[in-house]
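User: I have a structure to go through with you. Can we take it piece by piece?

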Amino acid sequence: MLYKFCFFAVVATSLALKSPVLIWSPSRGLSDLPQSYTGQTINSDDFQQSYVKPLTKDSNLVVFLQDRLSLQDLNHHADVYNPYSDGGSFKNIKSFMEDQFSAQISSVMSPWSGLENIMKDFEGKVHKVMESADLNKLDLGGQANIIIVNLKPVQGSSNEGKVFSDNDEKMAEITKQLTKRGIKYTAVYTGKTATKTSNVQGSGVSRRLQAIDDVSNPNATFMNITCPGRSSPFFFYLRGLEIMAQSNESNYNNNNITLEDDGTTCDNDTAVLKLKATGDDMKFNLEWKMLIDNISEYWTIKENMVFLEWTNGSKTVTANETLVIKPGDLMAPKHFSYHCSMHKITTLRVNATANITLMFDGLQFQPFMIMDNQFSDGWDCVVFFTPGIWMALISVSIMILIVLYGLGMIASLKTMDRYDDPKGKTITVNVNE
Amino acid sequence: MAVKVLSFRPKTYILPILSIYCLISQVICQELIVTHAPKYITFQQQADNLQTSDVSKVITHTLGVPTEDVKWSGLNQGSLFNRPKANVLMTVVTAEGKKPLSVKNVAKYPVKSDIPSVDVGQMMNVVQDTFFNTNPLMIDTGVDNNFFDVHTDFDVFRKLPDTMRRMADRLLDSDSVLNQHTVGTLNSSHPTDLKLMGELQMVQDVVNTISDKPEMMSTKSPDLFSFTVTGLRDIMDKHGDQSTQAADASDLVNNFINKMTEDFKKLYKDNVMIEVLTIVPEKAGYVRKVRSLKADPTPTPGPDDSKTTKFIQRL
């Protein structure tokens, strides 16, 4: 799978760098350039040595540089499948290709880097031009020249065909001026890249399973507590906590709580989890004492305490309560971690100062026996057989029983043969009206 | 002494000659015959062997759709501004050692088989991905047992006959392959002969369907046709390579391909590339091993033979 992905990635990136190159000249024959074949890519070095270098030797080189040019751009905008087309957005270039000496290479690996290398060692002058008007100011006499013409970028434009056709006009104008001034030149038209990014993304969205950028929840708490006297640490993870409290005087609700460790301790078979949270108007403490029951080999919470103090206006309510943990809750076999994606615990006590409800979101913790520095298998708060599953199982089994009973009845059907004696007299029944 | 040497020679030569013969026969049987290409496509005749897996890439490259590179240099890079509007690939399965098809052609290349057949589905996917907004016309037909397998997104091809029975009916029409070409000793009531005729008729019907709806060809994207003919091979297997039926079937296929080339040329006003690929399926790939409950040639003696014989004697 990975291999396949890598392969596609390589193909995709290599396609992204392959641009077509069009070369034409009104005066210089191009038959000395090597023949290129369909379906073969010319690498950057070969392009530089065998194609561009001969061109810079005896005449001026005009490089028309597009930010992006690919075969697909030609396919889409040059009307290539119509034998009688005028070239679409590439009207002038097509006529140059047909009327002048020309060479067309369908795929060159990053042609621009090859051209850049040529410019580094080039003895003559390198000019950079944006508009055709700038060309008149250039001194092109005497030595050999390379003129780089940066064309209007197509990337990001809403009407690519129009941009290509504008650029096409511009190229025609520039070459016309050069011819007018009597300058001999060879022109090269290519692109820096061949990728079509924005357009493709906009029109066809493909989906695949990818990692999201930020998995970690800012509110999530993860605590790794080292225990003296044993090698395995104590892990505690909580995605979010919501505290709701109700007293006679005021109610409190907060779901944006950042928990901190408040001196958790652990040793061989006991662990005390101590958590605290402090806010502008509240103070929260939680203490769970867990120990391993040597008979059942489960760890359970033996003592628990929750403390909440909150201020509402001028009034301050302080509650020091015990959570009601149902049997089977917040416990797990010795080697397991406890996991619950949504767990609600309350302190329901008659005559309490306040009733506190804690909503644990994504709770997982393991006080003992952590191996390989990761949570062991989770002992989930969702039971294996939920009421829904029981309902389905029972009703389906009843139906299967009924069908089986019915099948049994059908299978035991027999022809009546008790009074049928083939040798004896036939039964005659007299019927009197 | 001299006599001894002479008597030895023929034997030593047999092996290399045989192996060369085998090589040649293998190479000759499998070839890519380009029956038509537009003028702007120029071929390089002295190219190396083309591999079957490269055929689809070469086709997509000629249509201007960039895919993976091919090492084969049989096609010169022509104009980037002229591309064939359509490509027709006909794959004909033949038998080993059989003389190749003799159709009119512009170029012929030996093909080395590295995969059993051309991956047409992949080719279609590449074209579809490149021209996702223009819905290119693509169709791939072949026979799967007694059903005609037509892969296309276009509903107009749904009314083509899809079973052998319907195809047999279709062949009785006046404009069918049976009535337009000389079929010689072939008989359409014979299942193998019917299969070949049906496959050719299918191609004919595809051509007819398109020519009835010329607006289907007016898109700005390349069209792709792929037809697979396996019937020729079946006739050779059934009646023998040297039989009159095999010869007649070969003639029929040749004539049909020539006619099909003309039809497509007319349809696309010469702007179409048509190839015929003849392939010889490797025998090893298609052997079906059948198991049956047979008697062991050397029966192992039973645990107590004497008792059985006694029992038989008593009977």
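Predicted model: local features only at pLDDT ≥ 70, side-chain atom pairs only at ≥ 80, totals over all residues.

User: Sheets, then. In what order do the strands of the six-stranded sheet in chain A run?

Analyst: The order is β3-β1-β6-β2-β5-β4 in chain A, and the sheet is open with mixed pairing. At the edges stand β3 (101-109) and β4 (125-129) of chain A; each has a single partner strand, so one side of each lacks a neighbour in the sheet. On average, neighbouring strands of this sheet are turned by 20 degrees against each other, direction ignored.

User: β2 and β6 of chain A, parallel or antiparallel?

Analyst: Parallel: β2 (residues 60-68) and β6 (residues 185-193) of chain A pair over eight bridges.

User: Which strands does helix α4 of chain A lie across?

Analyst: Helix α4 (residues 91-99) of chain A lies across β1 (18-25), β3 and β6 of chain A, at about 60 degrees to β1(A).

User: And α6 of chain A, which strands there?

Analyst: Helix α6 (residues 160-180) of chain A lies across β1, β2, β5 (145-150) and β6 of chain A. Its angle to β2(A) is about 170 degrees.

User: Next, the hairpin of β14(A) and β15(A). How many residues sit between the strands?

Analyst: Two residues, and in that hairpin Gly313(A) takes a positive phi near 65 degrees. The strands β14 (residues 298-312) and β15 (residues 315-321) of chain A run antiparallel and are joined by seven bridges. Glu309(A) has Thr318(A) in β15(A) as its bridge partner.

User: Where is Trp390(A)?

Analyst: Trp390(A) is in helix α8 (residues 387-411) of chain A. With a relative accessible area of 44%, Trp390(A) is partly exposed, because that class lies between 20% and 50%.

User: Over to chain B. What is the strand order in the eight-stranded sheet?

Analyst: In chain B the order is β2-β4-β1-β8-β3-β7-β5-β6, again in an open sheet with mixed pairing. The edge strands are β2 (50-51) and β6 (147-152) of chain B, each pairing on one side only.

User: How many bridges join β3 to β7 in chain B?

Analyst: Seven bridges join β3 (residues 86-93) to β7 (residues 223-229) of chain B, and these strands run parallel. Ala86(B) has Asp223(B) in β7(B) as its bridge partner.

User: Why is helix α2 of chain B largely enclosed?

Analyst: Because 11 of the 11 residues of α2 (residues 52-62) of chain B are buried, the helix is largely enclosed by the rest of the structure. Among them are Lys57(B), Asp54(B) and His61(B). Just after α2(B), Gly64(B) has a positive phi of about 85 degrees.

User: Thr192(B), buried or exposed?

Analyst: Buried, at 15% relative accessibility. Thr192(B) belongs to helix α6 (residues 191-212) of chain B. Leaving out residues up to four places away in sequence, Thr192(B) touches Asp234(B), Ile235(B), Lys238(B) and His239(B).

User: Last one. What does Gln245(B) touch?

Analyst: With residues up to four places away in sequence again left out, Gln245(B) touches Thr185(B), Leu186(B), Ile235(B) and His239(B). Gln245(B) lies in helix α8 (residues 244-267) of chain B. From Gln245(B) to Leu186(B) the separation is 59 residues in sequence and 6.0 Å in space, C-alpha to C-alpha.

Definitions and conventions: Residues numbered from 1 in each chain as written. Chains lettered and ligands numbered in written order. Heavy atoms only, no water. Helix = DSSP H or I, 4+ residues; strand = E, 2+ residues; numbered from the N terminus. Buried < 20%, exposed > 50% of the residue type's maximum accessible area, 1.4 Å probe, protein only. Pairing = 2+ DSSP bridges. Axes fitted to C-alpha atoms, helices over the stretch in contact; angles between N-to-C directions. Contact = heavy atoms within 4.5 Å.
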